[in-house]
Amino acid sequence: MAGRKHAPRVRELRDGQNDSSQNSQNDSDGLLSAEPSQQSYLSVPSSPSSYRRTRANMNQAGGAPDERTSLLGTTRASRIRIASAHGTPRAPNLSRNQSYGTGEGLETVRSNPPTRHHSRANSWGQRLIRALADRQEEPVSEPKGAIFPDDRVWYDQFTSTDWVHDSIADAHRVKALRSRKDFWGRVYILFDGAQGWILSALVGFVIAVLAYIVDVTESTFFDFKDGYCARGWLISEKRCCPHGPCTDWRDWGEVMHGWPFGERWTEFVIYLGLAITLASVSCLLTLTTKTVVPSAYRLSTLDENLAAAPVSPGGDGDDGGNSSNGNGTPSRRASVAPPAAAPSMIYYSAAGSGVAEVRVILSGFVLHGFLGLKTLIIKTVGLVLSVASGLSLGKEGPYVHIATCVGNIACRLFTKYDRNDAKRREVLSAAAAAGVAVAFGAPLGGVLFGLEEVAYFFPAKTLFRTFFCCITAALTLKFLNPYGTHKIVMFQVRYLIDWEYFELVSFILVGVLGGAAGALFIKASRKWAVTFRRIPIIKKHPLLEVVLVALVTGLIGYWNGLTKLPVAKLLYNLAAPCDDRDNNLEDLGLCPDSKADIPPILWHLLWAFLIKGFLTIITFGIKVPAGIYVPSMVVGGLMGRLIGHMVQWLVLAFPDTSMFSSCNKVSSVSCIQPGVYGLIAAGSTMCGVTRLSVTLAVILFELTGSLDYVLPFSLAILVAKWTADAIEPLSIYDLLTEMNSYPFLNNKHKPVFTSELIDIVPRVRRERIIDISSSPLVPATSLRSKLESLHRAGELDGGLPIIRNDILVGLIPAPDLEYALDNLPDENTALCLMANVPSIDDSDDEEGGGRRDPTDFTPYIDPAPVALDIRSPMDLVYELFVKLGLRYICILRDGKYAGMAS
């Protein structure tokens, strides 16, 4: 192999370079070092370490795997030396690979030093796949000097996926697989092709089962605040009394015989106490996913906290430590600053909906622990409790996060997806789409959601597998029948009466108001967060905020029949047409028998609209699993129902008007269906919040199953998006992404460039290159100082170009260099080979299974990094980053190295 072939020459060169290594110890001026005895670690989410064949027999740390266990291999300790605020010559040893969920501070972390080479190689999933595919381990011949496709370092926390490398690695895997012509080789080729379909079916089935569990459990817990079923404590009120009130259901006032406050007030006190208890338990569970990220990583938050203060970009020297695209757009990097610059950032992976984070992860951002087993379990249980508490939140958004967790865990079954981050994201995209399919009963809407909202890389084969996954999830949930109505979701409705042409004007008005309401909700949520959530005691104690919100929700929501209902049931009652035969409709007084009944309904809806809007604003961002999809639809549905009843009153008040002459009357009530207005406004408001367009139109079509209303739905959503974009350019998830400084390069909105690459290129700095003009051997201490210079500038997944006589001859990625340095036996005296050197040892035979020389760094070097001329237009640079998912581009001037853009 490559490492063994050059070993004799490495030793020969090293003998003549010992003196030069002593003179290169201080190659990077201004960087501080830390002795091992003075190392300290800060807590950040765990990172997978490298998996490579040359390390198959290296020592591994034991321990049961959890959701913070490496998904792609083993962990290692990294050393990013940060200059002390006091200017001392010693600096803490910052690990960016180890994570501790408790976040107890430095003392706790010091007492639990990070382990090296943590692996889940012996997990049940790995044992299962080895047992099923034991014949696939037969070696496949490689050309002389070839490097194994997986001979690389896997991604660290807060770095980004190398899409190009992962695509090349998969091509090597497929080529090696197809080179096998034996019987078992052909069998495994078929099995390899079926793995994607097996995963899609498995993920869709598991997602549907989890959705069924959540739907059934939360309805039981929600009803438990009012009473219980005498036939069984775990039976919901609907299942206990399917045809209306019955003696089997017992309210708490009846059970307590009115003690101690009278029957009505006793029921209210018990309801309020149970609501606060359920919300508090959900919050406490969510807080167990606490993760502390050092201030070295300049991120605002990793959950839906609109009160998080925006970060200022870090710097390193006179180049600013970070670059832009020439139009104010930040580059793909995380900024690193001294720990004393700001307090550590804390986030909770189970809080909120997780949709913004899932979208960023699918774009290539590496965020370990966010899609793990612990997060899945806690988010599922916490979601049941938070929805059951009666807070103004939904379960549909968290379904996307839960589904993506299922897809991530399922990828561990097959090596093809487990060890290739780009392939893994194909499964994650399908899983996220299936989450929407079970949330809205809309498999087509789920596929479009994957295309429009979350998926960054969506090849044609992923589209078909995503569709298959969504169909599997929807069919499974249909058969499970969680609501006993043979509907996938509670708010599926059917409209039997067609709309009238004069209603187009009111549909457009509803779209305008819905889009404006969604945009104003974003502004109001942000304003509430920065005023209330930044109060020190609220910021320090998230549980206190949850208790206060639950208390306010119970106090003002209990007395209104509309706001007391769960959001999904309320949305159904707002959107469903009036039908006495519908047993699922609550007796809410929303169906007028005459014109005189409409004004009281309008007042009732107006109060419910104001209450629900206020509760939704103060609820968004609290530390419980919570979605914003259905709550925003409910607020819009209340507004739309208001407008629908107003139009209905006009038709009844002026029946002889020519415009209304074609409107047939049924039982003294006009042909106007206020439920249609409620559903159109619900979709328009959700569009204003999320900026989904085609997806929402298809979801509304699938919810109604009526082609007659496709045009009104589409028209209203189109107008809603225009209106929302005019008021607030960013959706709620775009705002979170921008505020949190995620390395997300939005491929939906291309900036306008008028500059060239030369306008943003910083000057070449000595500590940012590896010069091998005089010798291919470079002291390890010099490489370590250059690596730390990258880390201090925030280029966690950057790289160091290798220069010979000003000519770019290669590039070594920072994570690979870090791994290689960490595995040196003696870093202080080691000389590292940074270029291929001719050797007389050119044999293809492996003698005794010898291991590669650890000082040979050539297997980690990219010999052909992507490079552009310095006069290239910025449009080309942008397209390369977006279309290829590059992490950096080398820049040349007349064929010589001139800098790097990242």
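Predicted model: local features only at pLDDT ≥ 70, side-chain atom pairs only at ≥ 80, totals over all residues.
Q: How do strands 9 and 10 pair, parallel or antiparallel?
A: Antiparallel, over 6 bridges, with strand 9 covering residues 799-804. Within that pairing, Pro801 of the chain stands opposite Leu811 in strand 10.

Q: How many residues sit between the two strands of the hairpin?
A: There are 2 residues between strand 9 and strand 10. Asn805, in the turn, has a positive phi of about 55°.

Q: Changing topic. Which residues touch the most other members of the largest nonpolar core?
A: Phe440, Phe491 and Leu757, in a core of 163 residues. The element that gives the most to this core is helix 23 (residues 629-653), with 11 residues.

Q: How many residues are in the second core?
A: The second core is separate and has 23 residues, including Ile802, Ala814, Ala820 and Phe857.

Q: Back to Phe491. What is it in contact with, apart from its sequence neighbours?
A: Leaving aside residues within four places in sequence, Phe491 is in contact with Glu396, Ala439, Phe440, Ala568, Leu571, Tyr572, Val630 and Leu703.

Q: Now Trp528. Where is it, and is it buried or partly exposed?
A: Trp528 is in helix 18 (residues 503-532). It counts as partly exposed because its relative accessible area is 24%, and buried would need under 20%.

Q: What does Trp528 contact beyond four places in sequence?
A: Arg533, Ile617 and Ile618.

Q: How far is Trp528 from Phe620?
A: Trp528 and Phe620 are 92 residues apart in sequence, and their C-alpha atoms are 9.7 Å apart in space.

Q: What does helix 22 span, end to end?
A: Helix 22 (residues 598-619) has 22 residues and reaches 31 Å from first C-alpha to last. That is close to the 32 Å expected at 1.5 Å a residue. Helix 22 is followed by Gly621, which has a positive phi near 100°.

Q: Whole-chain numbers, please. How many helices and strands?
A: The chain has 30 helices and 14 strands. Of its 902 residues, 59% are buried. The accessible surface is about 36,200 Å², and 60% of that belongs to carbon and sulfur atoms.

Q: What share of the contacts join residues at least 24 apart?
A: Among contacts between residues at least 6 apart in sequence, 78% join residues at least 24 apart.

Technical notes. Residues numbered from 1 in each chain as written. Heavy atoms only, no water. Core = buried A, V, L, I, M, F, W, Y, C linked by side-chain atoms within 4.5 Å. Buried < 20%, exposed > 50% of the residue type's maximum accessible area, 1.4 Å probe, protein only. Helix = DSSP H or I, 4+ residues; strand = E, 2+ residues; numbered from the N terminus. Contact = heavy atoms within 4.5 Å. Areas by Shrake-Rupley, 256 points an atom, 1.4 Å probe, with all protein chains shown as cover. Pairing = 2+ DSSP bridges. Expected span 1.5 Å × (residues − 1).
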